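This report follows the charged side chains of one protein model. Please look at the sequence and structure first.

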Amino acid sequence: CGCAGAYTAHAAVELYAEAFDRVGALDRLEAFCSHNGADHYGLPRNERKMTLEKRGWTCPMSYRFGDSTVRPIRAGETIEWRIVGESYP
């Protein structure tokens with residue numbers, strides 16, 4: 001289709017973890033991902049929890065997207081963090 005953009009949905013939290021880790025701010029990741037937006041807009045905080053682990057994985061070269069495929073950002077590269085658990089209250 002010729003559309004511009006960077007497909008990050010496949011690893012948004014993991015990519016944020018990398019960025020926060022690189023600047024020594026992992027202690028601020030939870031607030032950034034889970035609290036700040038809800039607090040700003042007066043919405044309830046999401047009660048879902050996820051566990052991240054610093055253990056690299058290789059991003060696939062493409063993902064199916066409807067009848068097409070998309071090439072994700074960091075395709076074929078190692079992403080340093082991964083989600084290893086999720087829980088719902």
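Glutamate 53 is partly exposed, with a relative accessible area of 31%. Here buried means under 20% relative accessible area, exposed means over 50%, and partly exposed is in between (1.4 Å probe, protein chains only). Arginine 55 also counts as partly exposed, at 41% relative accessibility. Glutamate 53 and arginine 55 form a salt bridge, with their closest N and O atoms 2.3 Å apart. A salt bridge is a side-chain nitrogen of Lys or Arg within 4 Å of a carboxyl oxygen of Asp or Glu.

This is a predicted model, in which local features need pLDDT of at least 70 and side-chain atom pairs count only at pLDDT 80 or more, while totals for chains, interfaces and linings use all residues. Residues are numbered from 1 along each chain as its sequence is written, and side-chain values use heavy atoms, with hydrogens and water left out.

**Salt bridges**

The whole structure holds 8 salt bridges.

| Arginine 55 | Glutamate 53 | 2.3 Å |

Salt bridges with shared partners join Glu18, Arg22, Arg74, Glu77 and Glu80 into one network.

Is glutamate 18 buried or exposed? Glutamate 18 is buried, with a relative accessible area of 2%. Arginine 22 and glutamate 18 sit 4 residues apart in helix 1, so about one helical turn separates them. Helices (H or I, at least four residues) and strands (E, at least two) are DSSP runs, numbered from the N terminus.

Helix 1 spans residues 12–22, and its buried residues are Glu14, Leu15, Ala17, Glu18 and Phe20. What do these buried residues pack against? They pack against helix 2 (29–41), strand 1 (49–58) and strand 4. Alanine 12 also belongs to helix 1. Alanine 12 is partly exposed, with a relative accessible area of 28%. Its C-alpha atom is 9.9 Å from that of cysteine 33, which is 21 residues away along the chain. Glycine 24 follows helix 1 and has a positive phi, near 70 degrees.

**Arginine 74**

Where is arginine 74? Arginine 74 lies in the loop between strand 3 (68–70) and strand 4 (78–87). Its phi is positive, about 70 degrees, although arginine 74 is not a glycine. Both arginine 74 and glutamate 18 are buried. Arginine 74 is in the loop and glutamate 18 in helix 1, so the pair ties together parts that are 56 residues apart in sequence.

The side chains of arginine 74 and glutamate 18 also make a polar contact of 2.6 Å. A polar contact is a pair of N or O atoms within 3.5 Å; within protein, one must be able to donate a hydrogen and the other to accept it, and residues adjacent in sequence count only if both atoms are side-chain atoms. A polar atom of the arginine 74 side chain lies 2.6 Å from the backbone oxygen of threonine 78. Leaving aside neighbours within four places in sequence, arginine 74 is in contact (heavy atoms within 4.5 Å) with Leu15, Glu18, Cys59 and Ile79.
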